[in-house]
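Here is a short tour for anyone who likes to start from coordinates. Take a look at the structure, and then we can walk through a few of its sites together.

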Amino acid sequence: MHHHDQNRFLKLENHLYGMIFYAALGMATLCGVHDRADGADSSSPPIHVVRQGETLSEIALDYGVSVDALMSWNQLRGDRIYKGQKLQVGVHPLSDWYVVKSGDTLCEIALQYGISTRSIQKLNDLTRDRIYPGQRLRLRQTPSQPKGKVVHTVKKDDTLWAIAQRYGLDVSELKNINDLTDDTIIPGTSLVISEEIEDSRDEPNERFEYVVREGDNLETIGKAFDVGVGLLRRLNQIQGDHIFVGQKLQLRPSSLEEGVHVVRQGESLSSIAKKYDVNLQELREINGIEDDKIFSGQKLRLSRPSSSTHIVEKGDALWEIARAYGTTTESLRKNNDLTSDRIYPGQELRLDKKEAEHFQLYTVKEGDYLDRIARLHQMSVSELKQINCLDNHVLYAGDKLKVKPILTKSTEWVKISEIDWKDLIISVEGPGRIRTGNGPYFYSRPKAQRQSHADYYEGPRLTTLQSYRQAQKLWDAFELQVERLGRLSDALDGWHFVLDPGHGGLDPGAVVPSLDGNGHSVYVVEDEYAYDVAVRVYVLLRLHGAEVTMTLLSPNHLIRHSDPPTMTFVNEKNEVYNSYELNKSGQWKNWPIGGRNGNLSSRVHIARSAFKGVSKDRCIFLSFHADIDSNESDAPAVLYYKSRKSKRSDETSRKFAKALLPFLGAGAEARGQGLAVLRDNPAQHKVLLELRNLAYTDNAWAIRFEELRHRDAEKVVRGILAFVKNRTVMAKRY
Ligand SMILES: [Zn+2]
């Protein structure tokens, strides 16, 4: 191995350490164990000795970890460090395998290596937590490579390095596979990227290429791979309809073509410019950056958006885009040769003149800043400035700005958006309401307005039974209020839903830091997010006539009207199972808890009683999550049950999952997994929704915003309505 390659390898390792930081935070309380397990003898955490003139952020960059992580590992108060100082720069050396010692638990091993129990289970095909001494556990996957036979046709300006980057390969690997002796590549020739045939995914790989066969035409290929003819033409620089046998067609935009970059900790504007091969000054201008200051999580556009196109970002759904530009999905499909509602990150959608000039007025709030407003409306800062003729950054509360109304109301959805969610704040006798920035809260909580550190939580003061009684009272009042809103349609009449907010009770799920507008750390908590989104989905489903049951209830809050968004999350460990039976004994073990010795089956139990007497094919179970999984994409995922052992999958739910994808947005995926909460679940349609992946800073940023949480809820309900409508149409036809 050349020295150069070795460096690359180290970089990859270090990058993994960065991911571990998030995972470790997420798990701190999941296992109920706070101190790291011993048994880390020969393998201690990696150490860096500070050299003259080095700064903390340089070291963070070098090791691919965040400054926050360095500060917490080394208990630093500020960013001052000195020459010779020894700094822990990673959680633990990550080897591929671990041999189980007597007394080890899965949870402790996971904690020790900073990975989730779920991913160890997944990697080792474990159905339970049980492990035995001497057992060899795989701790990580070999770096994931594109699956399926993948070839890349060399384009005019391609370099070997750029191609390798694009497919996540080393230049040397790429040269090996293709027997190249030097770096010369010839436009028009093809390079093999991966030769593996097996592809377990439902979707063709995003980098998939297709070799044209006899009898193919653009339309049949487009239909077969669910990609519009227009996009096929653009990706392959085809003018008309002519293709030839043996021609390789690119089927998806690559990540470099997605047109946006989310800044990671330690990156600089110039390193990003270099990475994407764009001019630094151009990058500054596109993003309205004057002083080269960027922050982690910031979204940068890499090309100048034309006013007559919408560049699809991960998570954009066609219905949202239609709404934003005051048009219909039908018209967008027609103008862009789309065969379905599925769109892909990086895809450019043509807008007609009327659509392109469709703006809405946004009223600037106290403490707003341009980047936040731009991101909320999926615009670049320069776009925002240009449209509003702004020449400086000073904004005043009450100013009105023209924005793309991605997240607000129009067309047929208008009815739902017109609901004033403030109407759902309860003021009844019984649970006393207290005024807070992140309310409505009831009784005497929360003590804090925001999650100030990863381990913060408000311990349960009540027994499960007391908590359940309080939650019931609150929920009854809430239901009454929802009832008063009336109905928007009867579309879901006769359908019964069980909504399962992931985690809750003693299990917060993922806890990750995010930066607020002032660069301060704010922690977001998965279970609080899941609960908020589930309650929003609850309301929307009820408005269409559905019966809905929650698996968990909180005694202290409902929908969070959080403004400012920093005040969104305070982890409360007081959600209880929505069942008198499960709470009446008032025992500690009745609190919802995940992981080892968890009581996930209680959720299934609640579903079973809720679905009793309902026609099976009208039962839908939805579990809401926003986990950390750095091996997966940052777009939403819908998981259905697939047995680890027999590999048999729940086909009905798989179809249901796939039907939801276009509504969840570009890049959304469906996949099978052996999930306990779905296994013995009586619902015919049952899925677990990973609506956000908190391994990505942009997602951690987003979930603090009420507007974006509402957007997530709407996506789910949109998908459900379309699924049910489609089935009704089919039923009538036969
Ligand atoms: Zn989760």
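Predicted model: local features only at pLDDT ≥ 70, side-chain atom pairs only at ≥ 80, totals over all residues.

## The zinc site

The zinc ion takes its protein donors from His-503 (NE2), Glu-526 (OE), His-625 (ND1) and Asp-627, which gives two OD entries, at 2.0 to 2.4 Å. Along the sequence these donor residues follow the spacing H-x22-E-x98-H-x1-D. His-503 sits in the loop between strands S17 (496–501) and S18 (511–515), and Asp-627 in the loop between strands S23 (619–625) and S24 (637–641), so the two tie together parts 124 residues apart in sequence. Both His-503 and Asp-627 are buried.

## Aromatic pairs

How many aromatic pairs does a search of the whole structure find? There are five. One of them joins Trp-475 and Tyr-538 edge-to-face, with 4.8 Å centre to centre and 70° between the planes.

Trp-475 is buried at 6% relative accessible area, and Tyr-538 is buried at 0%. Together with Phe-478 they form one aromatic cluster.

## A buried asparagine and a charge over a ring

Asn-556 lies in the loop between strands S21 (552–553) and S22 (576–577), yet is buried, with a relative accessible area of 1%. Beyond its neighbours within four places in sequence, its contacts include Tyr-441, Arg-445, Gln-470 and Glu-572.

Elsewhere, the charged end of Lys-573 sits over the ring of Tyr-457, 4.0 Å from the ring centre.

Definitions and conventions. Residues numbered from 1 in each chain as written. Heavy atoms only, no water. Donors = N, O, S within 2.8 Å, 3.2 Å for Na, K, Ca; no water. Helix = DSSP H or I, 4+ residues; strand = E, 2+ residues; numbered from the N terminus. Buried < 20%, exposed > 50% of the residue type's maximum accessible area, 1.4 Å probe, protein only. Contact = heavy atoms within 4.5 Å. Phe/Tyr/Trp six-rings, centres within 6.5 Å; stacked < 30°, edge-to-face > 60°. Lys NZ or Arg CZ within 6 Å of the ring centre and 35° of its normal.
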